[in-house]
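Please walk through the model below, one element at a time. The report gives the cut-offs where the terms come up.

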Amino acid sequence: MNFQGYRRPGGKLGTRNHVLVIPSVVCSQGAAEGISRNLKGAVYLPNVFGCAQVGADREQTKRTLVGFGTNPNVFAVLVVGNGCENLPAREVAEAMAPSGKRVEYVEIQEVGGTKKTIAKGRRILKEMLADAASLQREAIPVSELILGTECGGSDYTSGLASNPALGAASDLLVEAGGTVILSETTELIGAEHLLARRARTPEIGQKVLDLIAWWEKEAIATGQDIRGANPAPGNIAGGITTIEEKSLGCIYKGGTTPLEEVIPYAFPPTRKGLVLMDTPGHDVDQLTGMMAGGSQIVIFTTGRGTPTGSPIAPVIKISGNAETCRKMKDNIDINVTQVLQGKETVKEAGRRIFAEMTAVASGKLTKAEKLGQRDFCIFKIGLNF
Amino acid sequence: MAGKAKAIVINEKDNVATAIIPLKAGSTVSLEVQGRAGKVKILAAIPMGHKFALREIGQGEDVIKYGEPIGQTTARIARGDHVHVHNVVSHRGRKEGSR
């Protein structure tokens, strides 16, 4: 089974052909926005970090930015720095070199101010865009897809309809030789034993249990209560009582195949099949981590409705809540309310989702793309100094 | 799942059902679990998507949904009564003993 995608140097395969402008630091965000403004095919990342960071926190920001640049949905990259930041544009650009794609950088202090930087950046970007436009889609096996799965604004319909239906689609992709990322570790609390049981080896299963234990310990160490954040007030209004209940509904997204590996935030999977990426439950932190890990397409289930989209990837929204499908029809791509009414089986809905995923991978725009929804947020793990 | 079901029981081990339409106090709901039919009289208004008890659940007992524990009751819950944050507590991600 094939989709129509873009081939990158080194053999990676994309579903989109974006030219990406990355501010390596928050101060160059304005220039990056100015460079990409009104240029069709160009997007910029609203990065608010990149300075006064140390150790693992700085590494995570760098790895995430580099992961976006090297994501196969990106044709070429322009990194924009200020000049004095501790995550320099040059360092970020150089780390992307192994991808084989064109990567350039500009620095505001060196070029001499914002206006000149925008002018220089736009000249470079227009060249990149002209080259990008000459690239054609070609037939690519779906086994090359890394599908990111996500749920947000969950309610009772998530665990009963949209997540099981997405799980059926996940199983179809794994069967076809592809990769599925399950993440949002905090939303596995109470369901971790079920996932651990499906691990390829006992060591991988233990890793799942250790991750959950770590997040739970961190929540307790704040002196607060995870219930203040998860389940969220909207989850509770939607009938979800506890984090365990939310988690048990949540893990359906990953389908029923063995768990092949556990990877840290913003790292690429090294195996095909179902993988777990360690991310927070925060929707955009999670989405950003999966994109940086090389995912080219995301399927996102929602009960209460959510507008989230990615700067570089299509995000397909699924809901099993009839009222949400009606009220937020400009946000929801696939309606699976018939599953709850017993008029469509979970497997039938899964096949429908898989078909839509293939169409979107081949270029059909999602509602979040049409709305220009470009959410980006790096999972911050340290203080700014 | 039945064509015009008002509530769903996901796993035969579950001691709660999920209302898929709003249910009125005093109404009776027909349910099907693993092909076996049953009826429950609803004791309190159950908003759409919320849970009610399929049998009496004692104080401190596990609430079971998806065939797994989702929390413990803080009070006895009668068959047909609303099961939610007012009478169920999670024991995960928080200090033991805190309410």
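## Strand E2 of chain B

All four residues of strand E2 (residues 16–19) of chain B are buried: Val16(B) and Thr18(B) point one way, and Ala17(B) and Ala19(B) point the other way. Buried means that 20 or more other C-beta atoms lie within 10 Å of a residue's own; 12 or fewer means exposed, anything in between means partly exposed, and C-beta atoms are placed from the backbone. In a regular strand the side chains alternate between the two faces of the sheet. Strands and helices here are DSSP runs, numbered from the N terminus: E with at least two residues for strands, H or I with at least four for helices.

E2(B) runs antiparallel to strand E1 (residues 7–8) of chain B, and two bridges join them. Ile8(B) has Thr18(B) as its bridge partner in E2(B). E2(B) also pairs with strand E5 (residues 51–53) of chain B, in the antiparallel sense over three bridges. There, the bridge partner of Thr18(B) is Lys51(B). Two strands pair if DSSP finds at least two bridges between them.

## Basis of the model

This is a predicted model: local features need pLDDT of at least 70, side-chain atom pairs count only at pLDDT 80 or more, and totals for chains, interfaces and linings use all residues. Residues are numbered from 1 along each chain as its sequence is written, while chains are lettered from A and ligands numbered from 1 in the order in which they are written.

## Chain B as a whole

Chain B has nine strands and zero helices. Of its 99 residues, 39% count as buried. Take the contacts in chain B with a separation of 6 or more: 45% of them come from residues 24 or more positions apart. Two residues are in contact if their C-beta atoms, placed from the backbone, lie within 7 Å.

## The four-strand sheet of chain A

Four strands of chain A form an open sheet with parallel pairing, in the order E4-E3-E5-E6. E4 and E6 of chain A each have a single partner strand, so one side of each is left without a neighbour in the sheet. On average, neighbouring strands of this sheet are turned by 20° against each other, direction ignored. E3(A) and E4(A) run parallel, joined by three bridges. Leu20(A) stands opposite Val43(A) in E4(A).

H5(A) packs on this sheet and touches E3, E4, E5 and E6 of chain A. The direction of H5(A) makes about 170° with that of E5(A). Axes are lines fitted to C-alpha atoms, for helices over the stretch in contact, and angles run from 0 to 180 degrees between N-to-C directions.

## Helix H5 of chain A

Helix H5 (residues 114–133) of chain A has 20 residues. From first C-alpha to last, H5(A) reaches 27 Å, close to the 28 Å expected at 1.5 Å a residue. The expected span is 1.5 Å times one less than the number of residues.

Which residues of H5(A) are buried? They are Thr117(A), Ile118(A), Gly121(A), Arg122(A), Leu125(A), Met128(A) and Leu129(A). Seen down the axis of H5(A), they fall within an arc of 135°, so they line one face of the helix. The arc is that of the directions from the helix axis to the C-beta atoms. On the other side of H5(A), Arg123(A) and Ala130(A) are exposed. The cover over the buried residues of H5(A) includes helix H1 (29–36) and helix H4 (108–111) of chain A.

## The seven-strand sheet of chain A

A second sheet topic: seven strands of chain A form an open sheet with parallel pairing, in the order E10-E11-E9-E8-E12-E13-E14. Its edge strands are E10 (259–263) and E14 (334–335) of chain A, and each pairs on one side only. Helix H8 (residues 202–221) of chain A packs on the sheet, touching E10 and strand E11 (273–277) of chain A. The direction of H8(A) makes about 45° with that of E10(A).

Strand E8 (residues 146–152) and strand E12 (residues 297–302) of chain A pair in the parallel sense over six bridges. Cys151(A) has Thr301(A) as its bridge partner in E12(A).

## Where the chains meet

The contact takes 23 residues from chain A and 25 residues from chain B. H10(A) gives the most to the chain A side, with four residues.
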